[in-house]
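Dear colleague,

Please find below the structure that I am handing over to you. My findings follow it.

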Amino acid sequence: MNSKSYLETKLPLLFGVLFVIGLVAPFAVYPTFLMKILCYALFACAFNLLLGFAGLLSFGHAAFLGTAGYVCGMMVRDVGVTPEVGILAGTVAAGLLGWLFGTLAIRRTGIYFAMITLALAQMVFFLALQIKETGGEDGLQGVPRGHLFGVVDLSDNLAMYYLVFAIFCVGFFVIYRTIHSPFGQILKAIRENEPRAVSLGYDVNKFKLIAFVISAALAGTAGATKTLVFQLASLSDVHWHASGEVVLMTLLGGLGTILGPIVGAATIVSLQTQLADSVGSWVTVIMGVIFVICVLSFRRGIVGELQVLIKRSGVN
Amino acid sequence: MEIFGIPTALLGSQLLVGLINGSFYAILSLGLAIIFGLLNIINFCHGAQYMMGAFVAWIALTRFGINYWVALIGAPLIVGVVGVLIERLMLRRLYKLDHLYGLLLTFGLALIIEGIFRDQFGISGESYEVPEALTGGVNLGFMFLPIYRGWVIVASLIVCFGTWYMIERTKLGAYLRAGTENSQMVQALGINVPLLITFTYGYGVALAAFAGVLAAPIFQVNPLMGSNLIIVVFAVVVIGGMGSIMGSILTGLGLGLVEGMTKVFYPEASSVVVFVIMVIVLLVRPAGLFGKS
């Protein structure tokens with residue numbers, strides 16, 4: 001009781017510190033790199049909402065990241081809308097796709113759920129590869145960043161960074177509120193004991209579906225934003241590797257913790273950036289090794305382990 | 001000769017391709033099903049182990065001059081032993097946890113295995129010669145049948161039905177089925193369940209490697225040959241349900257045929273047709289065609 005409340009009272013302070021760090025970070029670190037981390041952090045937070053708090057392992061989240069990227073890219077480049085409309089369109093598209101995936105996948109549970117989402121995402125991958133509009137293996141190239149609300153020029157990296165940071169904060173707030181609402185409590189109840197939640201009169205499938213749609217939509221927000229940052233909607237974002245990466249980020253950072261996915265995303269993106277130059281194709285092997293280590297002996301993740309440490313020291 | 005405006009030779013050859021793919025789906029989904037039955041784990045590195053089977057055969061031939069027939073038995077044994085090690089050293093620690101951790105661990109292993117092979121052999125792919133005894137073909141009148149392709153189908157069917165016989169009709173199979181129902185009870189009756197689990201995982205992995213050796217002369221031997229295949233096999237497993245051995249075999253073969261026919265009539269859809277069928281099955285019969293619950 002004591003230790004828990006200690007952690008919770010410190011949480012607003014921690015958020016405040018992180019927020020300030022986020023504000024000054026682009027003056028210390030290369031902004032594009034930070035934007036990549038923020039996009040993946042939002043992606044991982046959205047994924048964690050589903051796995052960490054509702055207990056649903058989706059192995060197809062790349063479909064939402066990638067589809068939103070394509071939709072945003074097409075809207076901005078070919079239709080000529082402003083960036084905020086593009087991101088909104090990507091989010092809505094991913095949410096709709098999530099509703100479709102969710103409706104099908106929640107008909108089965110556990111391992112089947114994971115396999116179904118993976119298979120559906122693979123279908124999206126093949127479609128993206130074949131349809132002419134998505135540019136096949138080249139992806140959508142030359143997406144302009146445009147002017148936010150028609151006013152702020154986003155080709156300036158600093159302006160773009162603060163937009164990404166704002167989007168991340170809003171997305172994070174939505175997830176935080178979802179987790180700490182009565183709705184989030186019911187999700188946890190479903191995760192812990194589904195038959196009991198059913199017997200209490202909750203329409204379990206409806207709650208799962210809503211959680212799935214929120215998670216998919218926010219993954220879409222991340223994908224659409226990423227497209228604007230890199231001015232490219234790439235086929236690799238729809239590939240199952242991206243689905244695996246987000247699982248790894250969440251697991252490494254700490255499954256079911258609020259800040260874990262952010263830490264995980266920052267770690268993995270930094271590692272990939274560092275390793276890409278030095279070890280080349282061994283990156284996949286190293287990612288696999290981290291995966292295996294996390295599953296075998298580091299299941300709490302970085303933030304999870306830290307929480308345990310703080311709790312212990314709080315008690316003593 | 002034409003049927004529905006399609007030349008029978010084309011129809012026949014696509015049927016053949018469909019049957020061959022179907023045989024691979026059948027062997028792989030069979031392996032997944034028996035592993036899942038006893039271990040409650042979905043073996044995500046099944047595709048990587050299939051690829052390892054093909055590569056072991058290719059390395060054996062090109063570096064050591066070991067022929068196809070030896071590799072057909074030897075490669076599954078080698079890869080099976082690797083599987084046994086994986087089970088003993090890693091999977092064993094996860095049985096008390098949520099089943100999803102098994103999926104995540106084997107996913108990580110798949111990344112490691114594929115990454116190492118990609119670093120060693122590149123992604124361009126290597127070709128494996130058809131063994132001399134199986135070269136050439138037969139003219140069936142309506143189509144030309146390459147002997148090797150006929151052999152792949154026959155060999156797959158023998159292995160699939162042999163496995164079915166072993167599980168459904170022998171004492172060892174009875175232990176396995178009992179263990180699938182209630183492993184604690186079987187343990188209490190004095191059967192060495194941990195050994196049974198290790199053997200089952202090794203056998204499932206060996207099946208994947210066997211399919212890999214069969215595939216080597218047909219497809220390019222490529223580090224990524226298993227990773228896309230395994231996702232289709234997952235869809236096959238969802239469609240069939242993992243409750244029945246015969247169900248896995250029939251679903252695999254049937255979906256291969258459907259895929260082959262789609263290539264004839266509507267080629268654009270051939271890469272997604274299995275997934276579309278999965279969606280329909282989920283809507284109509286969520287437990288799968290042969291599923292129980």
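**Findings**

The model is a predicted one, in which local features need pLDDT of at least 70 and side-chain atom pairs count only at pLDDT 80 or more, while totals for chains, interfaces and linings use all residues. Residues are numbered from 1 along each chain as its sequence is written, and chains are lettered from A and ligands numbered from 1 in the order in which they are written.

Chain B contains 11 helices and four strands (DSSP runs numbered from the N terminus: H or I of at least four residues for helices, E of at least two for strands). Its C-alpha atoms fill a box of roughly 65 × 50 × 35 Å along the principal axes.

As to the interface, 32 residues of chain B are in contact with 33 residues of chain A (C-beta atoms, placed from the backbone, within 7 Å). On the chain B side, helix 4 (100-121), helix 9 (225-240) and helix 11 (273-284) each supply at least two residues; helix 4 gives the most, with 15 residues.

In chain A, A:Ser234 lies in the loop between strand 4 (232-233) and helix 10 (240-253). A:Ser234 counts as buried because it has 22 C-beta neighbours inside 10 Å.

Yours sincerely

Terms used: Contact = placed C-beta atoms within 7 Å. Buried ≥ 20, exposed ≤ 12 C-beta atoms within 10 Å, placed from the backbone.
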